[in-house]
Amino acid sequence: MSHPHGSLRAGITALKQERYLEAINLLESFCYCCSIQERQEHRLSERNGSRANPEECVLARVALIMAYQGSGDLERSIALCQELLEQKETPESAPWAREWAAQALPTLKQASEHSMPPEEVMARLPVLQQLEDCQPLCSSRDPAPHLLKSAHL
């Protein structure tokens, strides 16, 4: 299966256009590729242009939290948000993402307890400027083609 180039950008575009299932598909694909990249980091060349920026990987996870929530899957949204908060801080971790998750988690939990409609929850989530900034700045390359080649899949 080939992964589309620019799945992060396309996923964020789908999220903004409230096409949540499409956004989930694209963002999960991008996040999966990031996880492969992290596991194979020692085998990848730092010069390879197909590598995803760690900041983009974190942004994809945050966007995925929002897409899950928009689709009505609060359970997965909350779980991923908690995972982001519990992630060990590294030089590559994005402090803005942890801050966003800390602000978003109470809203997501409240929505789950009170069966709030997804549109209302989305309106209550903190605004994330990185989603706006990503459109022109996020790489148009998906890390998958090189990773799949290096993994011999």
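**View 1. C34 and C57 pair up as a disulfide.** Their sulfur atoms sit 2.1 Å apart, and a disulfide here is a pair of cysteine sulfur atoms within 2.5 Å. The pair ties together distant parts of the chain, with C34 in helix α2 (residues 20–39) and C57 in helix α3 (residues 54–70), 23 residues apart. The torsion about the S-S bond is about -85°, so this disulfide is left-handed. This is a predicted model, where local features need pLDDT of at least 70, side-chain atom pairs count only at pLDDT 80 or more, and totals for chains, interfaces and linings use all residues. Residues are numbered from 1 along each chain as its sequence is written, and side-chain values use heavy atoms, leaving out hydrogens and water.

**View 2. C31 is a buried cysteine.** Its relative accessibility is 17%; buried means under 20% relative accessible area, exposed over 50%, and partly exposed in between (1.4 Å probe, protein chains only). C33 is in no disulfide either, and its nearest cysteine sulfur, that of C34, is 7.1 Å away.

**View 3. Helix α5 runs over residues 95–114.** Helices are DSSP runs (H or I, at least four residues), numbered from the N terminus.

**View 4. α5 bends by about 30° at A104.** The bend is the angle between axes fitted to the seven residues ending there and the seven starting there. A proline, P106, follows within four residues. Buried residues of α5 include W96, W100 and A104.

Methods: Helices (H or I, at least four residues) and strands (E, at least two) are DSSP runs, numbered from the N terminus. The expected span of a helix is 1.5 Å times one less than its number of residues.
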